[in-house]
Amino acid sequence: MGKKVLAVDDSKTMRDMVSFTLKGAGYEVLEAADGLLALDALGNQSVDLVITDINMPNMDGIGLVKALRQNPAYSSTPILVLTTESDDSKKNEGREAGATGWIVKPFEPEKLLKVVQKVCG
Amino acid sequence: MVAVEIDTASNASTKTGILTPDEMAEENAPRLMGTQQFVTFAIGAEEYAVDIMQVREIQAWTEVTILPNQPHYMRGVLNLRGIIVPIFDLRCRFDQGETEATSIHVVVIIAVGDRIIGILVDRVSDILTIDGSEIRAVPDLDDSGESDHIIGLVTAGERMVALLDTGSLFRHEIMETELDDADDAAALQA
Amino acid sequence: MDEYEQFKTTYFAECAELLGDVEVQLSALSTGSEDPEVLHAIFRAVHSIKAGAGAFKYTQLAAFSHEFEALLDRMRDGRIPVTETGVSLLFRASDILSAMVESAESKTELTGNFGSQILDEISIMVNGKSSAPAASKETVNVATEDTSESEAVTVYLIDFAPKAELFKHANEPLLIVRELKTLGELSATPILNQLPPLGKMDGEEAYIAWQFKLTSKARLDEVEEVFEFVTEDCSLEITSEANLDATEMEEDIPVSEIGNPASPANTPPAAKGPVTAAKVTSIRVDLDRIDRLVNMVGELVITQSMLSQQTSDLPAEQFPSMVRGLEELALHTRELQESVMAIRMQPVKSVFSRMPRLVRELSAKLDKKVNLVTIGENTEVDKTVIEEISDPITHMIRNSLDHGLEGTEERLKLGKPEAGNVTISAEHRGGRIVITISDDGRGINRKAVLMRARERGLISETHTPSDDEIDNMIFAPGFSTAEKVTDVSGRGVGMDVVRRNIQALGGRVSIQSNPGKGSRFTMTLPLTLAVMDGMIVQAAGDKYVIPIPNIVESLRPPKSSLKQLPTGQSLVSIRGSYIPLCFLHRIFHLGGAITDPAEALVVLVESEEFGTTGIVVDELIGQQQVVIKSLESNYKSVAGISAATILGNGKVAPILDIEAIYRISQQDLRNSPLPTASDGLSGVLQDSLARTNPQLATPSIG
């Protein structure tokens, strides 16, 4: 049974690509288009990893990270934020909210897998 | 159809006869402080005027389309280059009977707020340039209520001209009142 | 990345949507919207385009969107004020963006300096100075590891002491150890001297530290990268025992794998061959201009129909070229009109996309779980229709969630999936758009509906309506389906108003319900509200237009088929059913019209609201496509008239609102009942009438 990853991105392209890559590596992938939908999708089931974009409508990635960290069920679930920001401000914002790590876009399948392995084995 | 466009602005974009607020503002600028221009027109011997800035064009009378249940002083609606414009009989509005309109009668198309309406008059006289200080208040003599629709009076030579408050004159027709409440009530009873 | 080629299709489809969104938001911005969400939305769109561009290595697009995004970022947080100049720059930048997306999609080359002027302007706005060459730095800088491995083996000594924060971020030292192992040979020594006595241990605290010895070919930065996420959550010291390749430890400059090392903006304009205009397949046009064009074409249609009308009796053999010319003019005018109307067609997505949010909010409020599915969101309709469908759809979705779907517990009890399903779909059918909203809820409680309908006198006691009739009673005026007033569906606006608003647009709405399984609203609307097919009729010398979609047939009824109810209601018997008549001249108080229906003409029209009714007019003039003009832009609304059009002779003709006309005629009857002339109308007739027109069965009869 593969590990379960929730991929959150408002861009379908990104979701598709992340999902495709992870599924190819044997992960089970849930998808959501924004933070609120992600919370909906989670319900209360546990996942092994959450990968979330930062810029999204309704609830952005930072909001999602905060919301997850406030929930004891997800306080120790690794969360990766996807960022294209060159400066560290977004990474830090993500970190302060409680994110485990980050993936710098553009999307690179090998890199994604490497980082995913890094935080959830 | 004879259409006389008043050349308030020789601006190419006013070809449609409808000025945008910007264009109107531009025209406002060169005018002398304190003076205003009015287009005057007559019903019988009485003369009225509206601010020239309100006037969009002047047309000879043509047949209009009657709308159901229109007020008695409304003549109907007119197609003004694709815009449907209500036409009111000014004489009738002042309770002096219905104008027997012919092709020598004139419709003054004016803008009231963002609405365009036409008023049927006997003839257009001229354009008056007057100083604000020349405008006299309306003596509060009669209680006919008619003076409510007059902003002020101006004397031009021998003539006395009443400045119309077009907004209040046709308020009921151009302001949407309480929707179609009566309609709703009817529907509920059905 | 070849297997990722498949995602390019999604990407470009997404880009098209995003660019559409940008356009919508920009026009909101240009009309003075101060909603901060507008800039956020534009930012997100550009951001998404950029992310994909990076993934697919569209360097020029990525570089440009990066700069564009930087500008938007500063605008949205207020560092750069949103001025008219700024908005204009956003518009032009979005044009460049569109062109770049287009070129990426069509695999055509843009010149290297394409958009460089805009980049310059952005740069001036962002940095206060022009620095176009720096523009694409970031994108070229995308990190891909240097694959040339150092052959040298290094021994690293790593002191690693996690802090509590490390765990709070859900990092895991064991995973770090595991990752280090992948780099080479690792030995680990835990340092436990910080460990407090058991009783004083805090589960959240970090007490264990490690010392690692790693023998690896990896460079220092690769080792450091293992700790990338925890550097601030631990104390970390890495020393290399054998610094054989000390230089490698210097900050590495990442080498770009991205094709052309010279970034587009770095390339001098002349260096990339002749500067040709970029291939742009779409242009942005001000909405006002299109509206003006639509209006002018409308005028042209009117002029053309006037010409044909006035020359219709021209003998073709005498003026062959004239007649042929006029025929061609008619053809071209129609084609021109269709093409112009097509410009304003927009996908319903802009409305559909607002619904997930609504559903989310409602489902939270109602404590119901709901899955929303949208189908056919790319179905196009005229923008005049788009503007009008949002409210009815919102209302029907509210209705589905509030009344249709059961609560979670009830659903589980019924063996239904916990989450209710609501589907909105759109499709074209027969020159109209059909929008359905369906749910898998409880369906309509027909017993309750029928009881209420009887209570309110909406249906006579003797009449047994069909299931379908009962279901559609929820649209009856004054009928509220809510057992209790909820703050979701609220009091106030009921489904009757929804139906009326849809009808006012020339549309129809109905509901199909399957008890226990769910219900489905079906709404059909014309594709445009700018033109319509109309039947021109005449009454008392005035011309009116009746919408063709409402017309069933027209006839001159024989005297024997005419009846009158005691209420004064006139009826015509057609093929066994009695149809009520509305006299246009009475409703509009017109003098000089033909008053005897046997002499006049009856146009049978139908509507969900009242079934079938006959409108009595003097004569039919003909059928034509009419341009719909608002009466209300310069006048108030007129009961019985939905809008107006301009006929071939340049005159205005009112378009009849047949539902309103029916209501007025019913109201007139109640207000001034005619003296009861004949009581001879049998109960059979009453019943037959009720069957054709359930709502006609007014209690005043009994």
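This is a predicted model: local features need pLDDT of at least 70, side-chain atom pairs count only at pLDDT 80 or more; totals for chains, interfaces and linings use all residues.
Visitor: Let's start with chain B. What share of its contacts with a separation of 6 or more comes from residues 24 or more positions apart?

Guide: Chain B has five helices and 11 strands. Buried residues make up 49% of its 190 residues. As for contacts with a separation of 6 or more in chain B, the share from residues 24 or more positions apart is 55%.

Visitor: Which strands sit at the edges of the five-stranded open sheet in chain B?

Guide: The order in that chain B sheet is β9-β2-β3-β11-β10, with mixed pairing. From one strand to the next, the twist averages 35°. An edge strand here pairs on one side only, and in chain B that describes β9 (123–131) and β10 (150–156).

Visitor: And inside that sheet, which residue is the bridge partner of Y48(B) in β11(B)?

Guide: Look at strand β3 (residues 46–51) and strand β11 (residues 159–164) of chain B, which run parallel and are joined by three bridges. Y48(B) has its bridge partner in β11(B), and that partner is A162(B).

Visitor: Over to chain C. Why is strand β19(C) largely enclosed by the rest of the structure?

Guide: Buried means under 20% relative accessible area. Strand β19 spans residues 611–617 of chain C, and it is largely enclosed because the number of its seven residues that are buried is seven.

Visitor: Which residue of β19(C) is the bridge partner of V602(C)?

Guide: β19(C) is joined to strand β17 (residues 577–583) of chain C by three bridges, and those two run parallel; there, L581(C) stands opposite G614(C). Strand β18 (residues 601–607) of chain C is joined to β19(C) by seven bridges, and that pair is antiparallel. β18(C) and β19(C) also form a hairpin, with three residues between them. V602(C) is bridged to β19(C) through V616(C).

Visitor: In the open sheet β2-β3-β1-β4 of chain C, why is one side of β2 and of β4 left without a neighbour?

Guide: The pairing in this four-stranded sheet of chain C is antiparallel. β2 (184–191) and β4 (234–240) of chain C stand at the edges, so one side of each has no neighbour in the sheet: each has a single partner strand.

Visitor: Which helix packs on that sheet of chain C, touching β1, β2 and β3?

Guide: Within the sheet, strand β1 (residues 154–162) of chain C is joined to β4(C) by seven bridges, running antiparallel, and L157(C) has T239(C) as its bridge partner. The helix touching β1, β2 and β3 (209–216) of chain C has a direction about 150° from that of β2(C), and it is α8 (residues 173–183) of chain C.

Visitor: Last one: how much area is buried between chain C and chain A?

Guide: Here 42 residues of chain C are in contact with 48 residues of chain A. Carbon and sulfur atoms give 53% of the area buried between chain C and chain A, which is about 3,600 Å².

Note on methods
Residues are numbered from 1 along each chain as its sequence is written. Chains are lettered from A and ligands numbered from 1 in the order in which they are written. Side-chain values use heavy atoms; hydrogens and water are left out. Buried means under 20% relative accessible area, exposed over 50%, partly exposed in between (1.4 Å probe, protein chains only). Two strands pair if DSSP finds at least two bridges between them. Axes are lines fitted to C-alpha atoms, for helices over the stretch in contact, and angles run from 0 to 180 degrees between N-to-C directions. Contact means heavy atoms within 4.5 Å. Buried area is the accessible area (1.4 Å probe) that two parts lose on being put together, summed over both.
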